[in-house]
Amino acid sequence: MGRRGENIRKRSDGRWEARVICGPPVEGRTNYKYLYSHTYQGARTLKREYLLNKVFSSESAQEFHFPLPVPLPQPPAEPEKSEAKAASRSAADAGETAVLFRTVAAQWLAAKKLSVKESSYASYSFIAEKHLIPEFGNLPINALDTDRIGAFLLAKKTHGSLRDERPLSDKTISEIKGTLNRILRYAKSLNLIETVPDSPPVSVKQAPIIVLTKQEQEDIEAEALSEDTPYSLGVLLCLYTGIREGEICGLQWADFNWIDETVSINRTVSRITNVDEEADAKTHVVIGTPKTSCSIRTVPLPSDIVSYVKERAGEDSDYVVTGNKKCMEPRVCRERFKRFQKRAGVKYHKFHNLRHTYATNCVEQGIDIKTLSENLGHSDVNITLQRYVHPSMASKKAQINKLSTFITNDRVRGQNRSQT
C-alpha cells in the first residue's frame, strides 16, 4: 500500500516503486516517471535525488512546476527484521547523497520567486548570494548547527560589511538570520534535516523617532507655499497625510477623490537590486503595490488644504511630485528634500520624519489611535503606538501640569479648611 502523500508503494514483486511527475500532461494524462528500489528508504532517496536534479538541471529552475515543498515522508511502520537489514544494506550501497546548502538555497529562491513581491525576492536573493552562500554554500545542509550559525552571526556583527568589513547593523543581521532560518525550514520540509538549529537571538534596537518642531513645520510650510512646485506640494501632502516616501513618489492625480476629499494609496516606487547578473545596471526602479495589504488604503485630506491641492491638479496619469508622466524615485526625493530644508532654514531631517510628525500631531490633536493606524497603513494598532506615537515635550509638560494644578488646589483647599 502506498504511503499517503508520497506516491511510494510496494509492488507485488517485492520492489518499492516511487512515482514522480516528470513533465507536462500527455494527451490529458499526467506524465509520471517510476523509480524502483528493493527498500522503501531506497525508493524515497531516489525520488528526492530525482526531484533535486530536475529542479537544478540546465533547463532552469524557473520553469519547473512541481508543487513545492515535497511532502514530508512518514517513517515506515516497523518493518520485519529481514526487511530492516535489506534497507540498511541499500542505504549503505546508495550512500545518502549529501545535499549542499547552496542547492537548497537555490531551490528555495526558485520557489519564493513565484510567491513574493519582486522587491522581497531581490532582498532574499542578495542576502543568500552575498552573505549565506559564501559562508555555507559548499557545506552539506545538515552540517549547519547552533555553534556554526552563532559564530557566523557574530562575525557579521563585528566585521560583516561587504565593502570595508565594518560591523553590520542589528537590523541587517536580523534580516540575514531570518533568511537563513527560512532556508533551513524549507530544508526540513524536504526532510533534509531533522530540526532547524537554534541560533542566538538578535535584538534590533528601535531607532529614535525624530519629530519636527512646530517652528520647523511652519518653516517647511512657508517654503513650500513660496516655491509652489510639484515637489513642494508633495512635501506638504506628506506632512498632512503621513504617506511614505515611496508612496508619494508613486502618487498620481487619478488617486484623488475631490468629492470625498480623500487620496488613495495604491502604488509605491522603489529601487531594487537586479537579480540578473547580466543586466546592464546593478539596480532598477520598480513601481508596485505598497509593502503590505494594509498599506493599500484611503486617507482623508484636511479640508483646509483640499482647495490648494485641487487647484494644482494635473492630468490623471501625471505623477504629483514631478507634474508629468515620469515618476520620481525615492533616492532623488531624499536628495531634493535635503536642499529643500536648506532653503527653508531647517536643520537636516530624514524624509520619513514627516511621517513621524504627522502621527505625533494626530495624537496631540486627540485623533483616536485606530483611525491613525488605518491612515498610516498599519495592520496592528500596537505598531502605531510603539513606533509613531511620541508626544512632544510641550505636550508632556501640559499633561503633567494637570497633576500639578490638582495638587496645588488640594493644598489650598486644606489651608482654607484649617483657617475656618
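**Ground rules**

I number residues from 1 along each chain as its sequence is written, and I use heavy atoms for side-chain values, leaving out hydrogens and water. Since the model is predicted, local features need pLDDT of at least 70 and side-chain atom pairs count only at pLDDT 80 or more, while totals for chains, interfaces and linings use all residues.

**Entry 1: helix 6**

I started with helix 6, residues 170-189. Helices here are DSSP runs (H or I, at least four residues), as are strands (E, at least two), and both are numbered from the N terminus. Helix 6 has 20 residues and reaches 28 Å from first C-alpha to last, close to the 28 Å expected at 1.5 Å a residue; the expected span is 1.5 Å times one less than the number of residues.

I then looked up its buried residues (under 20% relative accessible area; exposed is over 50%, partly exposed in between; 1.4 Å probe, protein chains only). Among them are Asp170, Ile173, Lys177, Leu180 and Tyr186. Their cover includes helix 3 (101-112), helix 4 (118-136) and helix 5 (146-159). After helix 6 comes Asn191, with a positive phi near 65°.

**Entry 2: helix 7**

Next I checked helix 7, which has 14 residues and spans 20 Å, close to the 20 Å expected at 1.5 Å a residue. I found Glu216, Gln217, Ile220, Glu223 and Ala224 buried in helix 7. They sit on the same side of helix 7 because they cover an arc of only 130° around the axis, taken from the directions from the helix axis to the C-beta atoms. Helix 8, helix 10, helix 11 and helix 12 (353-364) are included in what covers them. Asp228 follows helix 7 and has a positive phi, near 55°.

**Entry 3: strand 5 and its partners**

I followed strand 5 (residues 262-265) next: Thr262 and Ser264 point one way, Val263 and Ile265 the other, and all are buried. Strands pair if DSSP finds at least two bridges between them. Strand 4 (residues 256-257) runs antiparallel to strand 5, with 2 bridges, and Phe256 stands opposite Val263. Their hairpin has 4 residues between the strands, and Glu261 takes a positive phi near 60° there. On strand 8 (residues 297-300), also antiparallel to strand 5, I see 4 bridges; Thr298 is the bridge partner of Ser264.

**Entry 4: the nonpolar cores**

A nonpolar core is a set of buried Ala, Val, Leu, Ile, Met, Phe, Trp, Tyr and Cys residues joined through side-chain atoms within 4.5 Å. The largest has 37 residues, and Phe256, Tyr231 and Leu237 are among those with the most contacts inside it. Helix 8 gives the most to this core, with 7 residues. Apart from it lies another core of 29 residues, including Phe136, Ile149, Ile176 and Ala187.

I also looked up contacts (heavy atoms within 4.5 Å). Beyond four places in sequence, Phe256 touches residues including Leu237, Leu251, Val263 and Val309.

**Entry 5: Arg267**

Is Arg267 buried or exposed? It counts as buried because its relative accessibility is 18%. Arg267 lies in the loop between strand 5 and strand 6 (268-273). I noted polar contacts (N or O atoms within 3.5 Å; within protein, one must be able to donate a hydrogen and the other to accept it, and residues adjacent in sequence count only if both atoms are side-chain atoms). The Arg267 side chain makes one with the side chain of Asp255 at 2.7 Å and another with that of Gln252 at 3.4 Å.
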